[in-house]
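Q: Could you walk me through this structure? I have not looked at it before.

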Amino acid sequence: MALVTTAEVCDANPQLIVSGELRALQPIFQIYGRRPVFSGPVVTLKVFEDNVLVREFLEEKGNGRVLVVDGGGSMRCAILGGNPVVQAQNNGWAGIVVNGCIRDVDEINGCDIGVRALASHPMKANKKGIGEKHVPITVAGTRICDGEWLYADTDGILVSKTELSV
């Protein structure tokens, strides 16, 4: 989405908004990382206060994808930290959106990747490996499915059923 803002995408596609093919996430996320603008095909993950599956995904080649993690909105611990974000950057992920908390903010802010999360929290997550991969999730009032496209910038986050050509 070179030099096209999420606001411009919304203005240019009212029919996609009405049909539900283009949705905006509620504005609840903080912006982290050195890449405030990112986009790519979505990979979904649902976990709760456990980061084993998050780390497993980010160890894979990202190929420009965006990992969207429904962490249940937990504010009791961080499910993403600096080491996995460095790995995600090195493995070619475009971004990570976390419905939950992160930690190691200074390290994450030094990475060339886009990260969105509710807040930061110093406590680490459990390591039980419990969660669901590639399932439909609801984050920030929006249903998100594996394979959809996510577009993020400083105005907000959009999800589209298909890749948008603007």
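A: To begin with the helices, α3 passes α4 in a left-handed crossing, that is, the near helix is turned anticlockwise from the far one by less than a right angle, clockwise being right-handed. Helices here are DSSP runs of H or I with at least four residues, strands are runs of E with at least two, and both are numbered from the N terminus. The model is predicted: local features need pLDDT of at least 70, side-chain atom pairs count only at pLDDT 80 or more, and totals for chains, interfaces and linings use all residues. Residues are numbered from 1 along each chain as its sequence is written, and side-chain values use heavy atoms, with hydrogens and water left out.

Q: At what angle do α3 and α4 pack, and how far apart are their axes?
A: Helix α3 (residues 52-59) and helix α4 (residues 82-90) pack at about 25°, and their axes are 8 Å apart. The axes are lines fitted to C-alpha atoms over the stretch in contact, and angles run from 0 to 180 degrees between N-to-C directions. The two helices α3 and α4 are therefore roughly parallel, a term for angles under 35 degrees; over 145 is roughly antiparallel, 65 to 115 roughly perpendicular, and the rest oblique.

Q: New topic: how much space lies in the largest pocket?
A: The largest pocket holds about 220 Å³. On a 1 Å grid over the protein atoms alone, a pocket is an open set of points with protein on both sides within 12 Å along at least five of seven lines, whereas a cavity is a set where a 1.4 Å probe fits but cannot get out. Grid points are joined across faces, edges and corners, and the volume is the space filled by probe spheres set on the points.

Q: Which residues are closest to the centre of that pocket?
A: Of the 17 lining residues, L25, P27, D155, G156 and I157 are the closest to the centre of the largest pocket. A lining residue has an atom within 4 Å of a point. The elements giving two or more residues to this lining are α1 (6-12) and β12 (156-160).

Q: What kinds of residue make up the lining?
A: The lining of the largest pocket has 10 nonpolar, four polar and three charged residues. Nonpolar covers Ala, Val, Leu, Ile, Met, Phe, Trp, Tyr, Cys and Pro; charged covers Asp, Glu, Lys and Arg; the others, Gly among them, are polar.

Q: Back to β12: is L158 buried or exposed?
A: L158, in strand β12, is buried, with a relative accessible area of 3%. Buried means under 20%, exposed over 50%, and partly exposed in between, using a 1.4 Å probe and protein chains only. L158 and L25 are 133 residues apart along the chain, and their C-alpha atoms are separated by 6.2 Å.

Q: And where does S165 sit?
A: S165 is in the segment after β12 and counts as exposed at 76% relative accessibility. From S165 to V18 is 18 Å, C-alpha to C-alpha, across 147 residues of sequence.

Q: What is the phi of D104?
A: D104 is not a glycine, yet its phi is positive, about 65°. Most residues other than glycine have a negative phi. D104 lies in the loop between β6 (95-102) and α5 (105-109) and is partly exposed at 36%.

Q: Where is H134?
A: H134 is in the loop between β8 (132-133) and β9 (137-139). Its phi is also positive, near 60°, and H134 is partly exposed at 42%.
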